[in-house]
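Here is a chain to explore with the sequence and the 3D view side by side. Keep both open, and we will walk from one landmark to the next.

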Amino acid sequence: MNKRSIGIPIQLMAIVLFGCTMAQQSDQARKSNVQFMPMESDNRIYYEPRAENIARIVASYLPESIATVERELQRPFVKPVQVKIFESADSFAAVTDVSKQEWGVMISGTVFLSGLVKTAPDDHIKALLTHELVHLYLQQRLGVSERHPTLPMWFEEGLAELVSGGSAMAMVTEPEATRAIMAGQHFFSDAAGGLVHPERCKYGLESHMFYRQAEMFVAYLQSLDGTKFQSLLLALADGHDFEGSWRSILGFSLHDAWQKFMGELESRARDPLNKERR
Ligand SMILES: [Zn+2]
């Protein structure tokens, strides 16, 4: 899958923290007076009047981002994709009711991108767009939402990071994430849905650390048996529940997978050649 480091100046990181959040509500967007214009060249994209430049960048990446999600998750989107782009962090936060520091969110079948993205490198925008499209795909396919959490948050965010080559990879290195896990600072991998309270479900971790650890664990699950992992994704895409699909397809418990993952990290930490893999 598409993995790369995204070079972002340290100063920029401090100002424009990457963020994606699962929506905590779905009504706020409908209350807004914000006016969006449809993009002439791509009617899947709407933008606030002063966000046209961002809209053009998003439009240039949208076909590839959609293709990436459909290729990696193995099924097409079942409904049209819609992306709305705000001119500022203020209007984004007012409409979506999420933090001004967040960069994007998916609510009720629409991807919303904050005006913050205009300060980001283009490939960062592409990663964010792809990440949010994974959420949209899962919502369309599974009905995943704040009110109907059918996937553990670590799995959904880890998968979105893995597919998109997400920005957490640029913020938290694998050795940093490994050290935190070894020190007991990690998310708890259970198979229950955990989207109701996003902060709690990050298990007290800073967002980038949570996303990075989740991506590493999901990538590890894929590495254990790529064929079975693909079968799991197909089962999810066809609307089967996570726990039942895991049990019937993977053939090992989540607890065992986590213990193996910890063992793998320990061996990597002992091998100096692997310390700075990313
Ligand atoms: Zn996300």
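L62 lies in helix α3, which covers residues 52-73. Helices and strands here are DSSP runs numbered from the N terminus, with helices being H or I runs of at least four residues and strands being E runs of at least two. L62 counts as buried because 22 C-beta neighbours fall inside 10 Å. For that label, a residue needs 20 or more other C-beta atoms within 10 Å of its own, while 12 or fewer makes it exposed and anything in between partly exposed, with C-beta atoms placed from the backbone. Leaving aside residues up to four places away in sequence, L62 touches D42, R44, I45, V83 and L129. Being in contact means that the C-beta atoms of two residues, placed from the backbone, lie within 7 Å. The C-alpha atoms of L62 and K126 are separated by 8.0 Å, although these residues are 64 residues apart along the chain.

A word on the model before we go on. It is a predicted model, in which local features need pLDDT of at least 70 and side-chain atom pairs count only at pLDDT 80 or more, while totals for chains, interfaces and linings use all residues. Residues are numbered from 1 along each chain as its sequence is written.

Stepping back, the chain has 13 helices and six strands. Of its 278 residues, 41% are buried. Among contacts between residues at least 6 apart in sequence, 74% join residues at least 24 apart.

Now find helix α5, residues 122-142. How many of its 21 residues are buried? The count is 17, so α5 is mostly covered. Its 21 residues should span 30 Å at 1.5 Å a residue, and the end C-alpha atoms are 30 Å apart, which agrees. The expected span is 1.5 Å times one less than the number of residues.

Two packed helices are described by the angle between their axes and the distance between the axes. The axes of α5 and α6 (residues 153-164) come within 8 Å and cross at roughly 135°. That makes α5 oblique to α6. Axes are lines fitted to C-alpha atoms, for helices over the stretch in contact, and angles run from 0 to 180 degrees between N-to-C directions. Angles under 35 degrees count as roughly parallel, over 145 as roughly antiparallel, 65 to 115 as roughly perpendicular and the rest as oblique. On the α5 side, A127, T130, H131, V134, H135 and L138 meet E156, L159, A160, E161, V163 and S164 of α6. By class, this contact of α5 with α6 holds six nonpolar, four polar and two charged residues. Nonpolar here covers Ala, Val, Leu, Ile, Met, Phe, Trp, Tyr, Cys and Pro, charged covers Asp, Glu, Lys and Arg, and the others, Gly among them, are polar.

G143 sits in the loop between α5 and α6, and counts as exposed because it has 12 C-beta neighbours inside 10 Å. Its C-alpha atom is separated by 8.2 Å from that of G239, 96 residues apart along the chain.

Next, follow α6 to helix α10 (residues 207-224): the two pack at an angle of about 85°, with their axes 7 Å apart. That makes α6 roughly perpendicular to α10. From α6, the contact uses W154, F155, E157, G158, L159, E161 and L162, and from α10 it uses Y211, A214, E215, F217, V218 and A219. These residues divide into nine nonpolar, one polar and three charged.

Another helix pair is α11 (residues 226-237) and α12 (residues 242-249), whose axes come within 10 Å and cross at roughly 150°. That makes α11 roughly antiparallel to α12. K228, S231, L232, A235 and L236 in α11 meet F242, S245, W246 and I249 in α12. The contact of α11 with α12 has six nonpolar, two polar and one charged residues.

Finally, visit two loop residues. D97 has a positive phi of about 65° although it is not a glycine, and is found in the loop between α4 (89-96) and β5 (104-107). With 18 C-beta neighbours inside 10 Å, D97 counts as partly exposed. S108, in the loop between β5 and β6 (110-113), is not a glycine either, yet has a positive phi of about 45°. S108 is partly exposed, with 14 other C-beta atoms within 10 Å.
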